[in-house]
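Please look over this protein model before reading on. The report below covers its sheet and its cavities.

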Amino acid sequence: VLVGDSTVASQSGWGDAFAKLLTPSVECQNMGRGGRSSKSYRAEGHWKHVLAAKATWVLIQFGHNDQPGKGPERETDAKTTFRENLARYVSEARTAGAKPVLVTSLTRRTFNEQGKIQPDLLADYAEATRAVAAEQRVPLLDLNARSIEQMNQLGPEAAKAFDPKTKDPTKPDKTHLSAKGAEETAKLVANEIRKQVPELAKLLKP
């Protein structure tokens, strides 16, 4: 089961493209939901459906909607409440018999004048995710670091292929993913799994 916000969810994130990289014997449920944070995903009852699914593996990625400015129903503090939420997800997944894997937030494709990714608040949430993974001894897929590397390599012009179509071309979407962006990001997730979670890598197509 995939858990997270719109950068994981069907139509807007990497989740469905990732499911296609798994062997045919694997059932992958994308339970990513747009606009959700580590706080609101639980509060709205989505997490209980994840536990009810009795998955073998649960991949968890939050951060985008946990940031300041998202409103009290969603906001968390990277150093305190966000970490507590992730640790609780890990603990409850394990109690339900699932193997949790934490995933750091996909980068926003905002470049500086030098053509490199502009650091933003997501870095704090990515760092918090790394810290919880270390504390809870749970596998970590560092999608934040890998996606920043990927964007810095591509540069601002080539990175536009990752942007989904918007109603207003003057306001590009630098957070969500086009079909190509989803495919390329899913490959990053799969490569991280091969490096960090050999047991889960057995479920990937060769």
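## What counts as a cavity

A cavity is a set of grid points where a 1.4 Å probe fits but cannot get out. Its volume is the space filled by probe spheres set on those points. The model here is predicted. The structure holds 2 cavities of 30 Å³ or more.

The largest cavity has a volume of about 50 Å³. Helix H3, residues 46-52, gives the most to the lining, with 3 residues. Among the lining residues are Trp 47, Val 50, Leu 51 and Lys 54. By type, the lining has 8 nonpolar residues, 1 charged and no polar.

The second largest cavity has a volume of about 40 Å³. Here helix H6, residues 143-159, supplies the largest share of the lining, 3 residues. Lining residues include Arg 109, Ser 147, Gln 150, Met 151 and Phe 162. This lining divides into 4 nonpolar, 4 polar and 1 charged.

## The sheet

Strands of a sheet pair through backbone hydrogen bonds, either parallel or antiparallel. In this model, 4 strands form an open sheet in the order E1-E2-E3-E4, with parallel pairing. Strand E1 (2-4) and strand E4 (140-141) are the edge strands, and each pairs on one side only.

Strands E1 and E2 (residues 57-61) run parallel and are joined by 3 bridges. Leu 2 stands opposite Leu 59 in E2.

## A helix across the sheet

Which strands does helix H5 lie across? Helix H5, residues 122-136, lies across strand E3 (99-103) and E4. Helix H5 runs at about 150 degrees to E3.

Definitions and conventions. Residues numbered from 1 in each chain as written. Predicted model: local features only at pLDDT ≥ 70, side-chain atom pairs only at ≥ 80, totals over all residues. Heavy atoms only, no water. Pairing = 2+ DSSP bridges. Helix = DSSP H or I, 4+ residues; strand = E, 2+ residues; numbered from the N terminus. Contact = heavy atoms within 4.5 Å. Axes fitted to C-alpha atoms, helices over the stretch in contact; angles between N-to-C directions. 1 Å grid on protein atoms, 1.4 Å probe; cavity = no way out; pocket = protein on both sides within 12 Å on 5 of 7 lines; lining within 4 Å. Nonpolar A, V, L, I, M, F, W, Y, C, P; charged D, E, K, R; others polar.
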